[in-house]
Amino acid sequence: MPLHILSHPLAAHIITHLRDQTTKPATFRTLAYQISLLLAIEATSEIETEEKQIDTPLERITGRVLNHQPLVVVPILRAGLGMLQPFTDLFPDVSVGYIGLERDHETAKARSYYCKLPPLAGRHVFAVDPMLATGGSAAQALTVLKENGAVHPALVCIVSSPEGVAEVERQHPGTVIHTAAHDRALNAKKYILPGLGDFGDRLYGT
Ligand code: PRP
Ligand code: URA
């Protein structure tokens, strides 16, 4: 199962501050941006480049630039919005889709309430959602993306659980998952341990 865990010391530093319950929403948002920037760089490390001739002030060289294969990033609302900006900063031409899913607090099952997607066929598609807990939301989002033409959409999250990774692998075998931290387990209420609590609430101060 292709699970990629960030190993940069900066990732560990940022995650520790995200986990800290005393971290306030403004700082939490900055940290979410920073960790998502590292993840966006890692998740796109295999996109294609092509040759381009340019003149430096000193001589002509053949460099490499991104080719025009379009990228699509799809934040899973609402917490996924906290991971969007690094993708649009790094790739100004990226297309953005949205999938709205909300976990029921009692059953931990995700309910779909919104979906707006650009064309996905033939594009690199990245679903971004900070928390992969039971895996129900991510698996549902991947199903929607595939129904709309995505082939091998990747999943980018900040904290994953063993249960969530296993569920995504069960429903969507071979999905590439990028995570900044792979945690121990879920508690009885299906929150990730040690985790960082409710990401959306901490991001938006709700
Ligand atoms: C969180 C998170 C994921 C989901 C993960 O969203 O952002 O989408 O829970 O849980 P799962 O793996 O068990 O499905 P939530 O439903 O709390 O909604 P929000 O983003 O609007 O806060
Ligand atoms: N959603 C969150 O925001 N946090 C968890 O630990 C699980 C689901």
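Analyst: Let's begin with the naming of elements: helices (H or I, at least four residues) and strands (E, at least two) are DSSP runs, numbered from the N terminus. This is a predicted model, in which local features need pLDDT of at least 70 and side-chain atom pairs pLDDT 80 or more, while totals for chains, interfaces and linings use all residues. Residues are numbered from 1 along each chain, chains are lettered from A and ligands numbered from 1 in the order written, and side-chain values use heavy atoms, without hydrogens and water.

User: Which strand gives the most to the lining of the second largest pocket?

Analyst: That is S8, with three residues. S8 covers 124–128, and helix H2 (25–43) also gives two or more residues to this lining. A residue counts as lining if it has an atom within 4 Å of a point of the pocket.

User: What makes a space a pocket rather than a cavity?

Analyst: Both are found on a 1 Å grid over the protein atoms alone: in a cavity a 1.4 Å probe fits but cannot get out, whereas a pocket is an open set with protein on both sides within 12 Å along at least five of seven lines. The second largest pocket holds about 420 Å³ of space. Its lining has 20 residues, with Ala 43, Phe 126, His 152, Ala 154 and Val 176 nearest the centre. One of these, His 152, has a positive phi of about 55° although it is not a glycine, and His 152 lies in the loop between H4 and strand S10 (154–160).

User: How big is the largest pocket, and which residues lie closest to its centre?

Analyst: Its volume is about 590 Å³. Of 30 lining residues, Ala 79, Leu 101, Arg 103, Asp 198 and Gly 200 are closest to the centre. Strand S4 (71–77), S6, H4 and helix H6 (199–204) each give two or more residues to this lining. By class, the lining has 13 nonpolar, eight polar and nine charged residues.

User: Why is ligand 1 said to sit in a pocket?

Analyst: A molecule sits in a pocket if more than half of its atoms lie within 2 Å of the grid points. Ligand 1 passes that test for the largest pocket, so it is said to sit there. Strand S6 (98–103), strand S9 (131–132) and helix H4 (136–147) are the elements giving two or more residues to its shell, and S6 has the largest share, with three residues.

User: What makes a residue part of the shell around ligand 1?

Analyst: One of its heavy atoms must lie within 4 Å. On that rule 15 residues surround ligand 1, and the closest are Arg 103, Asp 129, Thr 134, Gly 135 and Ser 137. Six are nonpolar, five polar and four charged.

User: Why is the pair between Ser 137 and ligand 1 called a polar contact?

Analyst: A polar contact is a pair of N or O atoms within 3.5 Å. A polar side-chain atom of Ser 137 is 2.5 Å from a ligand 1 oxygen, so the pair qualifies. Backbone atoms reach ligand 1 oxygens too: a polar one of Ala 133 at 2.9 Å, and an N or O of Arg 78 at 3.0 Å. The protein buries 92% of the 510 Å² that ligand 1 exposes when taken alone, by the Shrake-Rupley method with a 1.4 Å probe. Arg 78 is also joined to Leu 77 by a cis peptide bond, with omega about 0°, and Arg 78 is in the loop between S4 and helix H3 (84–90).

Conventions
A polar contact is a pair of N or O atoms within 3.5 Å; within protein, one must be able to donate a hydrogen and the other to accept it, and residues adjacent in sequence count only if both atoms are side-chain atoms. Ala, Val, Leu, Ile, Met, Phe, Trp, Tyr, Cys and Pro count as nonpolar, Asp, Glu, Lys and Arg as charged, and the others, Gly among them, as polar. Grid points are joined across faces, edges and corners, and a volume is the space filled by probe spheres set on the points.
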